[in-house]
Amino acid sequence: MKKIVGKVTEEERNDIQGLCERKNSLKELALIITDNSAIYERLVADLTETNMRYQEWWNTMSRKYQWEQCDNGHWEIDFETCNIFLLG
């Protein structure tokens, strides 16, 4: 099931889009840097912080807009339209 449950502003979209891009870039970098060097430790810390900020964005927006939820479902954003979809 994929259903539109809301929409965010362009500014809100830009915030989550930046976090998504950062999260994906850090994941890709983690595949390259596999040793336990200081760089790797910093990468893991940055990825952890980014993941927390990413989840907090979804938590904040879902409270603000009161999006529909379902068991084992998750939301997804269309960056072009700013629409939020419930998948579940």
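**Note on the predicted model**

1. Leu29 is partly exposed, because its relative accessibility is 36% (buried is under 20% relative accessible area, exposed over 50%, partly exposed in between, with a 1.4 Å probe and protein chains only). Leu29 lies in helix 1, residues 10-32 (helices are DSSP runs of H or I with at least four residues, strands are runs of E with at least two, both numbered from the N terminus).

2. The model is predicted: local features need pLDDT of at least 70, side-chain atom pairs count only at pLDDT 80 or more, and totals for chains, interfaces and linings use all residues. Residues are numbered from 1 along each chain as its sequence is written, and side-chain values use heavy atoms, without hydrogens and water.

3. Val8 sits in the loop between strand 1 (2-7) and helix 1. Val8 is buried, at a relative accessible area of 5%. Beyond its neighbours within four places in sequence, its contacts include Trp57, Met61, Tyr65 and Ile84 (contact means heavy atoms within 4.5 Å). Thr81 is 73 residues from Val8 in sequence, and the two are 9.0 Å apart from C-alpha to C-alpha.

4. Three strands form an open sheet in the order 1-3-2, with antiparallel pairing (two strands pair if DSSP finds at least two bridges between them). Strand 1 and strand 2 (74-77) are the edge strands, each pairing on one side only.

5. Four bridges join strand 2 to strand 3 (residues 83-87) in the antiparallel sense. Glu76 is opposite Phe85 of strand 3.
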